[in-house]
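Subject: Structure for you to look over

Dear colleague,

I am handing over the structure below, and I would be grateful if you could look through it alongside my notes.

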Amino acid sequence: MKILGIETSCDETSVALLEDEKVIANIISSQDFHVEYGGVVPELSSRAHLQMVMPLFKKTLEQSSVSIEDIDLIAATAGPGLIGALLVGLTFAKGLSYSTGKNFLPVNHVEGHIYSGFLMDRKPEFPYLCLAVSGGHTLLLIVKSDTEIVKLGSTIDDAAGEAFDKVAKMLGLGYPGGPKISAAAASVSSSSIKFPIAHCKNEFDFSFSGLKTSVLRFIQKEYGNAENIPAGDKGLIAYSFQKSLVEALTRNVVKALNQFRVKSISLAGGVAANTLLRSEFESIAGKIKVPLVIPSLDYCGDNGAMIALRGYRLFNAGRRGTFGSNAFASMPEDNFTGYKK
Ligand SMILES: Nc1ncnc2c1ncn2[C@@H]1O[C@H](COP(=O)(O)OP(=O)(O)OP(=O)(O)O)[C@@H](O)[C@H]1O
Ligand SMILES: [Mg+2]
């Protein structure tokens, strides 16, 4: 089966082609121009998707040596994301499906991330524990089957990626914050600065707003503002912040692994590109001898391949899309297939 995957939920336009679960093409165009505004400007994002989606679609077919007639399923991100951005890919997919008679399936973006491990040679095995950490979400889940994803916990305030982005801004490191913080912390091997890790009522939930505020207070108290922070100190603050945030994530993962028996562990989303987080996961999985699946860097950020993969799995599970399907903007857990409290 040949599956086309279309992703336009935020600042990446991506079109991919999969042959069952094998990636034939996965073309990603990142909207780098948002850097100048310090964050994604929704209106500009929609316009850029409009410019890119058709050329990327053509390039994907060319690169895969596939024609429109060969495609069996068109899967597109339907939410959550920026509404104007989502509409570009979703409407493109519906139009393509209507004009060709090919099957169409709307896909939840976060479910796409959760399934990105299946794009790797070694795939997760059900039930698997998945930490999905991205710009808008932080979720600890047990994926029981293609139609049952159980949420153990989520952030009660900022998402992990959002905390990285905001702290990078406080330090004057630029956008997107994750890679900048990670690079600034890379040259540091220890720091005496300590930032707090919050404990939540639900033991599997996360909270990063206190951590973020304590970085802000530290900067204000010690330097007044970001311009007065010496480069070396930025590295120390970045190191301490990253250490606390990664510890907050892994602490809940360890707790969950002590309580639930799983066959694999997976890490997904943009923050899964973080070197420290990846190595901590390797050490946790190594200790308890449970196979770990972490997507390669191309599949951590937003990409069409993960949308095609999730669409393929849902299609095989009997799910069919209709042209009336909406771009949904509600919380992802409400949309998780078979989600049970
Ligand atoms: N090396 C890294 N370390 C930490 N964070 C990172 C790294 N690389 C990217 N990120 C973070 O990942 C986030 C982007 O991930 P992603 O593209 O999956 O988010 P999104 O699509 O905007 O949000 P969502 O998937 O929740 O809708 C940004 O917040 C970015 O700072
Ligand atoms: Mg994403």
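The notes that follow cover the conventions, then the ligand shell, a helix pair and a sheet.

This is a predicted model, in which local features need pLDDT of at least 70 and side-chain atom pairs count only at pLDDT 80 or more, while totals for chains, interfaces and linings use all residues. Residues are numbered from 1 along each chain as its sequence is written, and chains are lettered from A and ligands numbered from 1 in the order in which they are written.

Ligand 1 is surrounded by 25 residues (a residue counts as near if its C-beta atom, placed from the backbone, lies within 6 Å), and the closest are Gly-135, Gly-136, Gly-161, Gly-178 and Gly-270. Two or more residues of this shell come from each of the elements α3 (109-114), α4 (160-170) and α5 (177-186), with helices (H or I, at least four residues) and strands (E, at least two) taken as DSSP runs numbered from the N terminus. The most is given by α5, with 4 residues. By residue class, the shell holds 7 nonpolar, 16 polar and 2 charged residues, where Ala, Val, Leu, Ile, Met, Phe, Trp, Tyr, Cys and Pro count as nonpolar, Asp, Glu, Lys and Arg as charged, and the others, Gly among them, as polar. At least three residues of the shell come from each of domain 1 (2-115 + 298-335) and domain 2 (125-294), the bounds being from an automatic or database domain assignment.

The axes of α4 and helix α6 (residues 209-223) come within 10 Å and cross at roughly 5 degrees (axes are lines fitted to C-alpha atoms, for helices over the stretch in contact, and angles run from 0 to 180 degrees between N-to-C directions). That makes α4 roughly parallel to α6, a label for angles under 35 degrees. The residues of this contact divide into 7 nonpolar, no polar and 2 charged.

Elsewhere, 5 strands form an open sheet of mixed pairing in the order β3-β2-β1-β4-β5, two strands being paired if DSSP finds at least two bridges between them. Because β3 (22-30) and β5 (103-108) stand at the edges with a single partner strand each, one side of each is left without a neighbour in the sheet. Strands β1 (residues 2-7) and β4 (residues 73-79) run parallel and are joined by 4 bridges, and Ile-6 has Ala-76 in β4 as its bridge partner.

With best regards

Note on methods:
Parallel < 35°, antiparallel > 145°, perpendicular 65-115°, else oblique.
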